[in-house]
Amino acid sequence: MWHEQAMPECENLLTGKIFSSWFPQALSMHQPQTQILIVEDEPVSRSSLVIYLESQGFAVSEAESAEAAETILSQGAIDLMLVDVNLPGKDGLRLAREQRAISDIGIILVSGRDEDVDRIVGLEIGADDYVCKPFNRRELLARIKNLLYRTGQANHAQRQLYRFERFTFDSRARRLEDPDGNTVPLTRAEFEVLFCLVTHAGQVVTRDALMGRVTHRQYGTNPRTVDVLVRRLRAKIEPDPAQPMLICTVHGEGYSFTPRVT
Ligand code: CA
């Protein structure tokens, strides 16, 4: 159950700041054994990662190419994959993008070159996080645990359909329908903010807490980003976005979602 406590600040990947650790909660997500897939064409890097992650209690599969990874992924048991961006054949970015379109598994990209970072950040890849080589294993482990915690929270959400003001919000399909049954397009970050608001209707949700729900790191960690996302959401759901009635500002604190959610 997710509470109102502010989620710990995550690192800003662009500045390389290490995030504060909150391992105890993350560790509890390890039951039953979490399945990690390592997609890496360099055998030495791959096997050392396999050994390391197995030593940390994970079940680890490995693939030397995107194509081999897809075979393993199609079996459906993987919780999280680490994908080297530079693979022979189909590259890691494409693998990540294609998987994201069909699954909710955690995806961490491993990039080897500075220019990869531009591509990762610039494209709507759908990866949850990335690390640059050479990376510190403990930092990677921390990112894995952090991501498993977040995806675990999302997966354990029991409900799927929420209704408010004649809108229908489907949290698994990540779809919002307006009163006329038309799909309201939401970006991933907008979805995450709306999901947090809808599931905490009638409560004050702080900017920090909302920021903690936004997994797309291109937004950085500036809590003001939340204001931008809320403004966009208001434009999509409020009868009059200039006079918001559904997502109300709680000055100095955050936001409150006011409709009755059923
Ligand atoms: Ca490679």
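Reply: In this predicted model, residues 24 or more positions apart account for 55% of the contacts in the chain with a separation of 6 or more. The chain has 9 helices and 12 strands, and 31% of its 262 residues are buried.

Me: What makes strands E2 and E5 the edges of the sheet of 5 strands?

Reply: The order of this open sheet is E2-E1-E3-E4-E5, with parallel pairing. Strand E2 (59-63) and strand E5 (129-132) each have a single partner strand, so one side of each lacks a neighbour in the sheet. From one strand to the next, the twist averages 20 degrees.

Me: Which helices lie across strand E1?

Reply: Helix H2 (residues 43-55) lies across strand E1 (35-39) and E2, at about 170 degrees to E2. Helix H3 (residues 66-73) lies across E1, E2 and strand E3 (80-84), at about 165 degrees to E1.

Me: Which residues of the largest nonpolar core touch the most other members?

Reply: Of its 34 residues, those are Ile36, Leu37, Val39, Met81, Val83, Ile108 and Leu109. Two or more residues come from each of E1, H2, E2, H3, E3, helix H4 (92-102), E4 and helix H6 (137-155). Apart from this core lies another, of 22 residues, including Phe191, Leu197, Leu229 and Ile237.

Me: What does Ile36 touch, leaving aside residues up to four places away in sequence?

Reply: Ile36 touches Leu53, Phe58, Val60, Asp79, Leu80, Met81 and Leu82.

Me: Why is H7 called largely enclosed?

Reply: A residue is buried if 20 or more other C-beta atoms lie within 10 Å of its own. In H7, 8 of the 11 residues are buried, and the helix is therefore largely enclosed by the rest of the structure. The buried residues are Ala189, Glu190, Phe191, Glu192, Val193, Leu194, Cys196 and Leu197. Their cover includes strand E7 (167-170), strand E10 (204-206), helix H8 (207-213), H9, strand E11 (247-250) and strand E12 (254-257).

Me: Why is H7 called roughly perpendicular to H9?

Reply: Helix H7 (residues 188-198) and helix H9 (residues 224-237) pack at an angle of about 90 degrees, with their axes 10 Å apart. The range for roughly perpendicular is 65 to 115 degrees, so H7 is described in that way relative to H9. The contact has 7 nonpolar, no polar and 2 charged residues. On the H7 side are Ala189, Glu190, Val193 and Leu194, which meet Val226, Leu229, Val230, Arg232 and Leu233 in H9.

Me: What makes E10 and E11 edge strands?

Reply: These strands belong to an open sheet of 3 strands with the order E10-E12-E11 and antiparallel pairing. E10 and E11 each pair on one side only. The twist averages 35 degrees from one strand to the next.

Me: How do you know that E10 and E12 are paired?

Reply: At least two bridges are needed. E10 and E12 have 3, in the antiparallel sense, so they qualify as a pair. Val204 stands opposite Ser256 in E12. Helix H7 lies across E10, E11 and E12, running at about 65 degrees to E12.

Definitions and conventions
Residues are numbered from 1 along each chain as its sequence is written. This is a predicted model: local features need pLDDT of at least 70, side-chain atom pairs count only at pLDDT 80 or more; totals for chains, interfaces and linings use all residues. Helices (H or I, at least four residues) and strands (E, at least two) are DSSP runs, numbered from the N terminus. Axes are lines fitted to C-alpha atoms, for helices over the stretch in contact, and angles run from 0 to 180 degrees between N-to-C directions. Two residues are in contact if their C-beta atoms, placed from the backbone, lie within 7 Å. A nonpolar core is a set of buried Ala, Val, Leu, Ile, Met, Phe, Trp, Tyr and Cys residues joined through C-beta atoms within 7 Å. A residue is buried if 20 or more other C-beta atoms lie within 10 Å of its own, exposed if 12 or fewer, and partly exposed in between; C-beta atoms are placed from the backbone. Angles under 35 degrees count as roughly parallel, over 145 as roughly antiparallel, 65 to 115 as roughly perpendicular and the rest as oblique. Ala, Val, Leu, Ile, Met, Phe, Trp, Tyr, Cys and Pro count as nonpolar, Asp, Glu, Lys and Arg as charged, and the others, Gly among them, as polar.
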